[in-house]
Amino acid sequence: MKRISILGSTGSIGTSTLAVAEQFPDRFKVVAIAGGNNSELLEAQIRKFRPSLAAIVSERSAADLRERCKDLPVRILSGVEGMIAVAAADEADITVSAIVGTAGLVPTMAAVQAGKDIALANKEVLVTAGELVMEECRTRNVRLFPVDSEHSAIFQSLQAGERKDVKRLVLTASGGPFRNHSAADLAKVTLQQALKHPNWNMGKKITIDSATLMNKGLEVIEAHWLFGVRPEQISVLVHAQSIIHSLVEFQDGSVIAQLGMPDMKGPIAYALSWPHRLPDVSPGLDLASIATLTFKEPDLELFPCLGYAYDAIRTGGSMPAVLSAANEVAVKYFLEEKIGYHDIARTIKATMDAHRPVQFKTVEDALKADLWARGEAEKIIASKD
Ligand code: MG
């Protein structure tokens with residue numbers, strides 16, 4: 001029986017993780033969960049999975065939740081302290097890190113420091129502080145299992161050979177809703193169009209990141225840290241059907257890929273059950289009915305965010321943290337319909353241009369750079385109108 005703690009239980013990955021736990025009750029026990037601010041959903045999850053610890057962001061929601069759950073033996077906390085307590089819960093064997101954005105960094109680091117294995121769904125944790133997090137994992141002998149479908153595919157494909165024989169990682173990208181748009185089409189896109197992902201049903205932030213290809217840029221940085229490969233060994237391939245989840249090219253010319261229907265339960269279950277494979281997790285793959293798989297190079301002129309991510313990781317130090325924080329701010333304004341689609345890339349570029357990179361020694365350094373970038377991005381957006 002593996003005991004699981006979930007950061008971000010009410011989000012898209014969190015609910016899929018609970019679906020996996022529900023499907024295999026004799027394998028997984030959910031011992032702690034933390035959610036954003038949806039206290040009704042969190043209450044339903046507590047009633048169903050009976051964790052001994054739960055946390056919610058605001059103290060007000062926590063008070064409300066304590067009242068709703070007073071008939072249950074569950075301790076309910078709030079704020080960052082609550083997230084940290086869930087992340088490092090005594091009973092947990094593995095912590096699922098699925099809080100969106102830099103907000104996931106401190107609790108994830110707390111889980112690593114408590115020696116918990118990590119199933120990592122939050123990519124901003126590694127983008128913001130990859131070197132520090134990986135170093136801490138090595139020190140504490142913590143295993144980091146990727147949940148992102150591309151990184152899970154690479155993790156699975158890497159098992160076909162030795163690390164020293166890896167030539168290149170190829171991350172596939174659906175290309176998002178605008179993959180066939182021209183520059184003129186892109187100038188007119190709306191929030192509603194950006195929120196309609198053709199293949200994956202995900203949270204709002206990652207859906208917008210997919211529409212700008214920033215999601216793939218963040219994944220390039222994530223892959224760099226997870227697998228210890230240089231940025232020039234990581235390429236991106238647009239594959240509209242999202243059936244091949246990523247590929248590894250070895251030095252003999254062999255390419256190993258992982259395929260499956262686009263469904264997050266697969267990568268989640270694998271991260272939780274490695275090295276075992278559980279039965280009937282994802283819908284079956286019927287290649288004959290799919291018939292055609294297509295591939296093309298990403299267009300960095302139409303989707304500059306992907307190029308900015310490569311720039312950031314080549315520059316190194318604090319630059320990836322700044323890229324990610326500026327993106328979070330820009331996406332937030334875009335979701336509020338206060339800026340247009342192209343303003344997301346412009347804001348990120350201007351924030352990076354204004355930044356003088358430094359090296360991080362601590363998580364606090366990373367959070368400082370994150371905060372600086374948020375302020376700078378806000379200023380850039382405000383000065384636009
Ligand atoms: Mg992904």
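Student: Leaving out neighbours within four places in sequence, what is Ser-210 in contact with?
Tutor: In this predicted model, Ser-210 contacts Gly-175, Gly-176, His-197, Met-202 and Asn-215.

Student: Which helix is Ser-210 in?
Tutor: Ser-210 sits in α10, which covers residues 204–212.

Student: And is Ser-210 buried or exposed?
Tutor: Buried, because its relative accessibility is 8% and the cut-off for buried is under 20%.

Student: OK, switching to Tyr-341. Where is that one found?
Tutor: Tyr-341 belongs to helix α16, residues 341–353. Tyr-341 counts as buried because its relative accessibility is 7%.

Student: What does Tyr-341 touch, if we skip residues up to four places away in sequence?
Tutor: Tyr-341 touches Phe-178, Leu-186, Val-189, Ala-211, Thr-212, Phe-303 and Phe-334. There is also a C-alpha pair to look at: Tyr-341 and Ala-187 are 154 residues apart along the chain, with 7.4 Å between their C-alpha atoms.

Student: Let's zoom out. How is the protein divided into domains?
Tutor: Domain 1 runs over 2–142, and domain 2 is made of 151–262 + 284–384.

Student: How many residues of each domain are in contact with the other?
Tutor: On the domain 1 side 18 residues make contact, and they meet 24 residues of domain 2. The C-alpha centres of the two domains are 25 Å apart.

Student: Now the largest nonpolar core. Which residues touch the most other members?
Tutor: Those are Ile-46, Leu-323 and Ile-348, in a core of 124 residues. Helix α15 (residues 319–335) provides the largest share of this core, with 11 residues. Both domain 1 (2–142) and domain 2 (151–262 + 284–384) put in at least three residues each.

Student: What does Ile-46 touch, not counting residues up to four places away in sequence?
Tutor: Ile-46 touches Ile-33, Pro-51, Ala-54, Leu-65, Cys-69, Leu-72 and Val-74.

Student: One more topic: how much space lies in the second largest pocket?
Tutor: About 370 Å³. Its lining has 23 residues, and Gln-258, Gly-266, Pro-267, Arg-277 and Ser-282 are the ones nearest the centre of the pocket.

Student: Which element gives the most to that lining?
Tutor: α12 does, with five residues. Elements that supply at least two residues each include α7 (149–158) and β11 (255–259), along with α12 (265–273).

Student: And how does the lining split by class?
Tutor: The lining of the second largest pocket has 10 nonpolar, 11 polar and two charged residues.

Technical notes
Residues are numbered from 1 along each chain as its sequence is written. This is a predicted model: local features need pLDDT of at least 70, side-chain atom pairs count only at pLDDT 80 or more; totals for chains, interfaces and linings use all residues. Side-chain values use heavy atoms; hydrogens and water are left out. On a 1 Å grid over the protein atoms alone, a cavity is a set of points where a 1.4 Å probe fits but cannot get out, and a pocket is an open set with protein on both sides within 12 Å along at least five of seven lines; lining residues have an atom within 4 Å of a point. Grid points are joined across faces, edges and corners, and a volume is the space filled by probe spheres set on the points. Helices (H or I, at least four residues) and strands (E, at least two) are DSSP runs, numbered from the N terminus. Ala, Val, Leu, Ile, Met, Phe, Trp, Tyr, Cys and Pro count as nonpolar, Asp, Glu, Lys and Arg as charged, and the others, Gly among them, as polar. A nonpolar core is a set of buried Ala, Val, Leu, Ile, Met, Phe, Trp, Tyr and Cys residues joined through side-chain atoms within 4.5 Å. Buried means under 20% relative accessible area, exposed over 50%, partly exposed in between (1.4 Å probe, protein chains only). Domain bounds come from an automatic or database domain assignment. Contact means heavy atoms within 4.5 Å.
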